Amino acid sequence: MSKKIRTALISVFYKDGLQPIVKLLSDLGVTIYSTGGTQKYIEDLRIPVIPVENLTSYPSILGGRVKTLHPSVFGGILGRRDNETDVKEMAQFHIPEIDLVIVDLYPFEETVASTNDERLIIEKIDIGGPSMIRGAAKNFKDVTVVASKEDYSELGKILRAQNGETNLQQRKKFAAKAFDIVKRYDMAISNYFRGENNVTDQGQIKTLRYGENPHQQASFRGNLDEIFTQLHGKEISYNNLVDIDAAIQLIREFPIASENSLRTLAIIKHTNVCGVASRDTTVDAWKRALAGDPESAFGGVLITNSLIDQETASAINEIFFEVLLAPVFEKTALEILQSKKNRILLQMQPKEEDPIPQNVVMEMHKSLLNGELIQTIDEGNFLEWKEQGGRNTTAEEKEDLVFANLVCKHLKSNAIALVKDKQLLGKGCGQTSRIDALRQSIEKAKQFNFDLKGAVLASDAFFPFNDCVKMGHEAGIKAFIQPGGSVRDKDSIDYCKENNLAMVMTGMRHFRH
């Protein structure tokens, strides 16, 4: 049931990405109807467009509240092409068939988020838009509906490939998306009238400025107030939230700092650890973490398991960063850090017994193909501690290996972490081979003038060959930690035994994709 698109009604609030699809429709000979700002936009492109008023014989009235609510519009959308009575009535009342409806909705959620002025909020409740979208989706057997700019590209591909036609399956898919958009829109309005803050079964829905990139729409479902309190700064973005999650997952590996324990501070960039260190004071942990990769730290997300005091705040204040999370801030530290108006400062919400949030999601969900993957989070560091090298690890090496393995766990695979004295010296991550990850980590360490003699190496998965232990040894590495499990484990073990190197096998892989 392929349908040729001959007529289209276009009325959108957001014009981004509209130009290519309008030009394509014009090239295909489609008659375009439009209203208001969209009509002017199309006219400015020098593309023929017919005002909806020519169909309705009414101008836009009541301050724009009534533009498309008319039988000549809705008859063209809802008329059944295979129903003899519908066809006769459409001819009798001169109602043209409308084959394509491209309509989006007024930004209600964005308006609620930006103002408390009820008059402005109420005017952003769309009436004609949802009605046209629902009508077109209901009549999907004859009409194609596109209710989001995110679908312009897909529509364009279909029309180019099928010479301006859509098939029934495609129209039904667009209709399902359209009903989802209207459902969410109506729920947001209903929640506003109830005085609720946009709540669903999955928690609150917060509309974000945009997604991973400016052309992507995004929202967050959940309750961030359970995780942290925002003390200062701009609205948290999609990418901020992704890095904040990575930061909290990492800092959960380290106990909250007490009077006699080490302070840990980490720097996260694009979900990877680019600097981390544990020291007796927070300011020293900061200096050592920053030294690990001062270039990547620019614009990063910082997190610590300890109090941010005045000295630490003064040191951190010297560089540009997006977000800082801590369990506690001194008053003077906050005053220093709040000097930059957009800087996001978050105080983590603890359980009573643990100031590091433990109420983060304990399952990982990933949408892919036509479904969803669900798994528990990667808990723990090692299942066993098997000394398999030419000697046992020293006490200092063991502490560094435990630290390095935790850090490596939070790098994208394939991953290698080089550590000395509980400081990340070099890391390789997101590489398609383990030896490339090692090369990257060594180059990073050299870039910032670190001496790798006596350092330790952690790998998120087994060494498939002995090339990694050879290269690590040549760089100065004296102890290795890896899960083991390769059919050629013996090659790496033999090399370590021949060269008096320590190697621990943990039986626990830490892939991260």
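Where is H94 found? I located H94 in the loop between α5 (84–92) and β5; helices (H or I, at least four residues) and strands (E, at least two) are DSSP runs, numbered from the N terminus.

**Entry 1. Ground rules**

I noted that this is a predicted model, in which local features need pLDDT of at least 70 and side-chain atom pairs count only at pLDDT 80 or more, while totals for chains, interfaces and linings use all residues. Residues are numbered from 1 along each chain as its sequence is written, and side-chain values use heavy atoms, with hydrogens and water left out.

**Entry 2. Positive phi values**

I looked up the backbone of H94 and found phi near 55°, a positive value in a residue other than glycine. H94 counts as exposed because its relative accessibility is 69%. For this term I used relative accessible area: buried means under 20%, exposed over 50%, and partly exposed in between (1.4 Å probe, protein chains only).

I then turned to N163, which is not a glycine but has a positive phi of about 55°. N163 lies in the loop between α9 and β7 (165–166). With 52% relative accessibility, N163 counts as exposed.

**Entry 3. A cis peptide bond**

I recorded a cis peptide bond between S413 and N414, with omega about -10°. N414 is in the loop between α15 (395–409) and β20 (416–419).

**Entry 4. Helix α1**

Which residues of helix α1 are buried? In this helix (residues 18–27) I listed L18, I21, V22, L24 and L25. Seen down the axis of α1, these buried residues fall within an arc of 160°, so they line one face of the helix; the arc is that of the directions from the helix axis to the C-beta atoms.

I next checked what covers the buried residues of α1, and the cover includes β2 (7–11), β3 (31–34), α2 (36–44), β5 (100–103) and α9 (152–161). Contact here means heavy atoms within 4.5 Å. After α1 comes G29, whose phi is positive, near 80°.

**Entry 5. Helix α4**

In helix α4 (residues 71–78) I found S72, V73, F74, G76 and I77 to be buried. They pack against β2, α3 (53–56), α5, β5 and α8 (128–138).

**Entry 6. Nonpolar cores**

Which residues have the most contacts inside the largest nonpolar core? I wrote down F228, I244, V273, I303, L325 and L346, in a core of 43 residues. A nonpolar core is a set of buried Ala, Val, Leu, Ile, Met, Phe, Trp, Tyr and Cys residues joined through side-chain atoms within 4.5 Å. Helix α11 (residues 238–251) gives the most to this core, with 7 residues. Apart from this core lies another, of 28 residues, including M132, A136, A147 and V182.

**Entry 7. Aromatic rings**

I counted 7 aromatic pairs. Rings of Phe, Tyr and Trp (its six-membered ring) pair if their centres lie within 6.5 Å; planes under 30 degrees apart count as stacked, over 60 as edge-to-face and the rest as tilted.

F13 and Y106 form an edge-to-face pair, at 6.3 Å centre to centre and 65° between the planes. This pair links distant parts of the chain, 93 residues apart: F13 is in the loop between β2 and α1, and Y106 in the loop between β5 and α6 (108–114). F13 is partly exposed at 36% relative accessibility, and Y106 is partly exposed at 25%.

The ring centres of F108 and Y185 are 6.3 Å apart and their planes stand at 70°, so this pair is edge-to-face. F108 lies in helix α6 and Y185 in helix α10 (residues 168–194), so the pair ties together parts that are 77 residues apart in sequence. I noted that both F108 and Y185 are buried.

I also saw that ring pairs link F13, Y14 and Y106 into a cluster. The charged end of K149 sits over the ring of Y14, 5.0 Å from its centre. A charge sits over a ring if NZ of Lys or CZ of Arg is within 6 Å of the ring centre and within 35 degrees of the ring normal. K398 lies over the face of W385, at 5.0 Å from the ring centre.
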